[in-house]
Amino acid sequence: MAKSTKSIEEKIEDIAKKQLDANQVRYFTKTESVNTEIDEALTKAESKSGGKGGNYPDIKLLIELPEMKRIPVMIEVKGRNGDFAKFGKDGNVLNFNEKGDAIYDNIKRYAVNGAVHYAQAIINYSKSFQEVIAIGYNGYEVAEDIKTEIGVYYLSRENMLLPKKIAEYSDLSFLSEEHLTFLQTAIRELSLTDEEKERRNTEYEIRIEAILKKLNQRMEDKGESGGLNIKAESRVQLVCGMIMAALGYKDVVAPLEIEELKGQMGKNTNDGVIVLNRIKDFLNSKNLPQEKKDTIGSIFSAILQDANYYKPRNGESPIKSVYITIKDDIMPMFRSAQHLDFTGRLFNVLTSWIPLRPGDDKNDVVLTPRYVTEMMARLCKVDMDSYVWDYAAGSGGFLVSAMKLMIEDAQRNIKSQRELTTKIDHIQLFQLLGLELRPEIYILAVLNMILMGDGSSHILNKDSLLYEGKYEQSVEDEGEKPFPANVFLLNPPYSEDGKGFIFVEKALSRMTNGMAAILIQENAGSGQGLPFTKRILERNTLLASIKMPSKLFIGRAGVQTGIYLFEVGKKHAPATLVKFIDFSYDGFLRQDKKKASLAKNFRDDGTGRERYQELVDIVLDRKRSTHHLDGHIIKDTISLEGNDWTYGQHQSHNAIPTESDFRKSVSEYMAWQISTLLTDISQSDEMDFQ
């Protein structure tokens, strides 16, 4: 059967239009306007080639389902055998590579890929349309016949823009009015699995990192080479401020438009002042303490009023250049991934721009991975009535994970929508508190909590060791009241006394009950954390000691860490059995190749989610459904000296291994070795997998 090499795209497009006409479906051609918002979205988004030339779907529709809003339909037509669709190994439409870069060859060549590109453009760059149907329509000649193939996919902001195939169709009659009820039912049945959600989260994180790394390089480069020459210590605040300016607040503050930055040099009209005023208006729209608004305003003011940044270069100020990337590249992804610890990914890139201060350790400024912060919050049994604080908040990752669990618990238990809204507001405003000393990182935490739902009221720019345990900043006169913490989550700076345990003792001394989970350099529990560890046992019980993977902080800290879990307010009894767990292999394969993408440096072997769930079940004495950690759990007592908390100190080296132990070890080693070899086939041997 010979393949047609000549495209018959015009014939196929004519066939598609005739099918729509026959079913009395109103459509718009390539040059016709559907409506202004869709037109602007298609114009604003990158073209199929990656430029700014606009997007022109072959056929456009705007259908109205019986019980849903109007939904745009984008149809891309091709006319050659093999030009239907390009999928990845996971079966999903392949428009982005593992580095997060768009694969323009796929988008231009394949019908389905092009239609998906248009659909994502509309969701990303419009406000009214949260869902779009993408249709790839391809056809080719075989002998005297024309064969057609149709791919119909649904994309929505709720499903993180992941294209989900609706059903198999042989023509476009499913778009007729009489069949829209069936289409609506098919769409309702589409949902992402947990695995798809996690994969999509990772894809977003990869793309965010890729964009920020390119932006950072441009800010690093000198002006004569086309760079912006922005100091490293200014970049974090600059990016955070511009995200706030781009957010806006419904019916109160409009998002700043790129066209408003005109490169003027007036005292009240330069680009820095324009951005600063929009930030202030944004903050004023929030229910924030005045002290916080003043603190944030002063941080941004110093940078945005620097003439080096608002003075035009070749007709465009550095401020505007950065804002274009924020507005066009970062914000569309944020709108589709609001559930993520968004600035956690910013934090991971931006903190590499922050210079170390005298006395700082390279391990003091690191991002605790999202899956670890969530696990630690679950170990502390966080629920809707928890009051959670963090004495070294960083980007606020622990508070974001806790807030997520608190809101989910409220949604499960409160059936009245009015009561639920009131409770969520209370959680965000009064049940989370974080301390961060460094202004450039403090801004990240504030931004993170604002992005996650206005939970920024009690992120304090304070020295934790001088903090007195109060709300301090007031929304409803709570400023002088003690924060009633019953959950403490922390990854402290390891350069501080006791490897950071000085912060733990300080926080626990202000709590009367509850739970605490500390991610810290593991040897802090074997004597390096004295005298704090010994004193902590006088009024707190060590429940578990968890040995974590040595490469937990990919590309940053290389120290061996552990998690210590405490019950607060209860003196440790000598006969208490502590759970010691070797979690040094957590199901994730890590390497540290600086030029490799996040997808290459961090991969799930297929058991990662199971292992984290199993760990929580073991520690909290719950029934578990997997047994990956069998043979890696020890129950033993500790002394009251605070120097024998590590897994290795309680591991018996005299036990005779069984055949089952041998088989399990060989199996895990072979899985690790094969995965390593497959990954390294096309890469240098710079570093081996953990």
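Strand β12 is largely enclosed by the rest of the structure, because six of its eight residues are buried (under 20% relative accessible area, with exposed meaning over 50% and partly exposed in between; 1.4 Å probe, protein chains only). Strands here (E, at least two residues) and helices (H or I, at least four) are DSSP runs, numbered from the N terminus. This is a predicted model, in which local features need pLDDT of at least 70 and side-chain atom pairs count only at pLDDT 80 or more, while totals for chains, interfaces and linings use all residues. Residues are numbered from 1 along each chain as its sequence is written, and side-chain values use heavy atoms, with hydrogens and water left out.

**β12 and its partners**

- β12 pairs with β13 in the antiparallel sense over seven bridges; two strands pair if DSSP finds at least two bridges between them.
- With strand β14 (residues 578-582), β12 pairs in the parallel sense, over four bridges.
- Ala-544 has Leu-565 as its bridge partner in β13, and it stands opposite Lys-579 in β14.

**The sheet as a whole**

- Nine strands make up an open sheet of mixed pairing, and their order is β9-β8-β7-β10-β11-β13-β12-β14-β17.
- At the edges are β9 (459-460) and β17 (633-636), each of which pairs on one side only.
- Strands β7 (residues 388-390) and β8 (residues 432-435) run parallel to each other, paired over three bridges; Asp-390 has Gly-434 of β8 as its bridge partner.
- Helix α17 (residues 501-508) packs on the sheet, touching β7, β10 (487-490), β11 (515-521), β12 (540-547) and β13 (561-568). Contact means heavy atoms within 4.5 Å.
- The direction of α17 makes about 170° with that of β10, where axes are lines fitted to C-alpha atoms, for helices over the stretch in contact, and angles run from 0 to 180 degrees between N-to-C directions.

**Nonpolar cores**

- The largest nonpolar core has 165 residues, and those with the most contacts inside it are Trp-389, Phe-488, Leu-489, Phe-501 and Met-548. Such a core is a set of buried Ala, Val, Leu, Ile, Met, Phe, Trp, Tyr and Cys residues joined through side-chain atoms within 4.5 Å.
- Another core, of 30 residues, lies apart from the largest one and includes Leu-20, Val-73, Phe-174 and Leu-183.
- Leaving out residues up to four places away in sequence, Leu-489 touches Trp-389, Asp-390, Phe-398 and Ala-517, among others.

**Helix α5**

- In α5 (residues 180-188), the buried residues are Leu-180, Leu-183, Gln-184, Ala-186 and Ile-187.
- These buried residues line one face of the helix, because they fall within an arc of 160° when seen down the axis of α5; the arc is that of the directions from the helix axis to the C-beta atoms.
- They pack against β2 (59-64), β4 (131-142) and β5 (145-156).
- On the face turned away from the buried side sit the exposed residues Phe-182 and Arg-188.

**Two buried residues worth a look**

- Gln-237 belongs to helix α7 (residues 232-247) and is buried, at a relative accessible area of 9%.
- Neighbours within four places in sequence aside, Gln-237 is in contact with Ile-299, Phe-300, Ile-303 and Glu-440.
- Gly-479 lies in the loop between β9 and β10 and is buried too, at a relative accessible area of 6%.
- Not counting residues up to four places away in sequence, Gly-479 touches Lys-470, Tyr-471, Glu-472, Gln-473 and Ser-474.
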